[in-house]
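Thanks for coming. I have one structure to go through today, and I will keep to what can be read from the coordinates and the record.

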Amino acid sequence: MCIAVGGYFVYGDTVGEAIIPSLQVQWIQQTVNLMIAVHVITTIVIVMSPPIQQVEQILKVPHRFGLKRFLVRSLLFWFVIFIALSIPHFGPFLDLVNLFPPPNSSFLLQIGASTMVLMTLVLPPIFYLSIRTQELKWAKESEKPDTADVTQERASLKEVLHLTPKPILILNAAILIFGIIGGTLSTITSIVRLADSELAPPCYYQYFTKGLPFHGDNSGSVSCCGVYRNLTVSGQDPLGYCAHPDF
């Protein structure tokens with residue numbers, strides 16, 4: 001959030017979905033790209049490990065190095081690469097999962113959409129109320145002298161409403177309702193915006209339809225400043241250098 005707010009104060013509403021294309025000093029932009037590449041290369045194994053282990057469990061892959069494990073993990077990594085290549089301009093998709101879309105988006109998009117809303121506004125109140133009620137149940141059952149084992153049953157909705165104080169219940173219910181309404185409206189708005197956006201076709205599609213080399217339009221990849229996004233730091237010709245405002 002600090003990066004998003006700082007980028008907005010520097011570049012205003014000309015900042016795009018990512019702050020990196022707004023950096024017009026070439027060596028700074030490339031240094032940032034290199035650092036992000038190193039970060040992704042070193043962390044993707046950790047991030048991919050849980051879903052890979054789930055797939056291996058479903059496919060009953062042995063928990064030791066072997067041909068089957070090598071093929072499964074390789075195919076999953078190639079699948080991730082294919083998804084990344086299929087969405088060359090990822091900006092319109094960010095609104096579906098991002099809590100803070102670009103500053104020039106509408107208010108509904110600023111509320112956030114789907115995934116981040118679930119993780120920050122919807123699921124935390126549910127987890128808190130459930131865990132709190134479960135702990136109270138365990139404490140009451142452990143005080144009974146004739147109870148040998150504490151039950152492991154999850155707290156029901158009726159028990160949550162009965163054991164939770166009204167102020168705590170009202171506060172969490174307000175957060176939950178706000179998250180559901182805001183997430184639903186912003187998700188619908190993001191889908192409409194995504195349907196109206198013009199996405200560039202993937203490179204492999206262009207290869208089979210146009211061959212090599214790829215010929216794009218006259219827009220570049222740098223998010224330039226100004227009302228028309230055509231102001232450059234070094235006075236360079238914006239044609240072929242500045243990105244299209246819709247990107």
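Which residues form a nonpolar patch on the surface? Leu 118, Leu 123, Ile 126, Phe 127 and Ile 131 do, and together they have about 440 Å² of accessible area. A patch here is made of residues with over 30% relative accessible area and no salt bridge; like charges are joined within 9 Å, and nonpolar side chains (Val, Leu, Ile, Met, Phe, Trp, Tyr) within 5 Å. Accessible areas come from the Shrake-Rupley method with a 1.4 Å probe, and for residues only the protein chains shown count as cover. Ile 131, one of the patch residues, sits in helix H6, residues 114-143.

Before going on, some ground rules. This is a predicted model, in which local features need pLDDT of at least 70, side-chain atom pairs count only at pLDDT 80 or more, and totals for chains, interfaces and linings use all residues. Residues are numbered from 1 along each chain as its sequence is written, and side-chain values use heavy atoms, with hydrogens and water left out.

Now the overall picture. The protein chain has nine helices and zero strands. Helices (H or I, at least four residues) and strands (E, at least two) are DSSP runs, numbered from the N terminus. Of the 247 residues in the chain, 24% are buried. Buried means under 20% relative accessible area, exposed means over 50%, and partly exposed is in between, with a 1.4 Å probe and protein chains only. The accessible surface of the chain is about 17,300 Å², and carbon and sulfur atoms account for 70% of that. For contacts between residues at least 6 apart in sequence, 52% join residues at least 24 apart. Contact means heavy atoms within 4.5 Å.

On to the record. An unreviewed UniProt entry carries the annotation "transmembrane region" for residues 31-49, 70-87, 107-131 and 168-192. Positions are given in the numbering used here, feature names are shortened, and such annotations may be inferred rather than shown by experiment. In the model, residues 31-49 are 100% helix and 0% strand, with end C-alpha atoms 28 Å apart. Residues 168-192 are also 100% helix and 0% strand, and their end C-alpha atoms lie 36 Å apart.

Next, charges. How many salt bridges does the structure hold? It holds three, where a salt bridge is a side-chain nitrogen of Lys or Arg within 4 Å of a carboxyl oxygen of Asp or Glu. As a reminder, side chains of opposite charge can pair when their charged atoms come close.

Arg 69 forms a salt bridge with Glu 56, with the closest N and O atoms 3.4 Å apart. That pair links helix H3, which holds Arg 69, to helix H2, which holds Glu 56, across 13 residues of sequence. Arg 73 also forms a salt bridge with Glu 56, and here the closest N and O atoms are 2.7 Å apart. Arg 73 is in helix H3 too, 17 residues from Glu 56. Is Glu 56 buried or exposed? Glu 56 counts as buried because its relative accessibility is 1%. Arg 73 is partly exposed, at 27%.

The remaining bridge joins Glu 159 and Lys 137, with the closest N and O atoms 3.3 Å apart. Glu 159 is in helix H7 and Lys 137 in helix H6, 22 residues apart. Glu 159 is partly exposed at 26%, whereas Lys 137 is buried at 11%.

Glu 159 also turns up among the contacts of Thr 133. Thr 133 lies in helix H6 and is buried, at 0% relative accessibility. Apart from neighbours within four places in sequence, Thr 133 is in contact with Ala 155, Glu 159, Val 160, Leu 163 and Thr 164.

Thr 164 is in the loop between helix H7 (157-163) and helix H8 (166-196), and is buried at 2%. A polar atom of the Thr 164 side chain lies 2.6 Å from the backbone oxygen of Val 160. Not counting residues up to four places away, Thr 164 touches Leu 129, Arg 132, Thr 133 and Leu 169.

Last, a loop residue. Lys 60, between helix H2 (26-58) and helix H3 (67-86), has a positive phi of about 60 degrees although it is not a glycine. Lys 60 is exposed, at 71%.

Note on methods:
A polar contact is a pair of N or O atoms within 3.5 Å; within protein, one must be able to donate a hydrogen and the other to accept it, and residues adjacent in sequence count only if both atoms are side-chain atoms.
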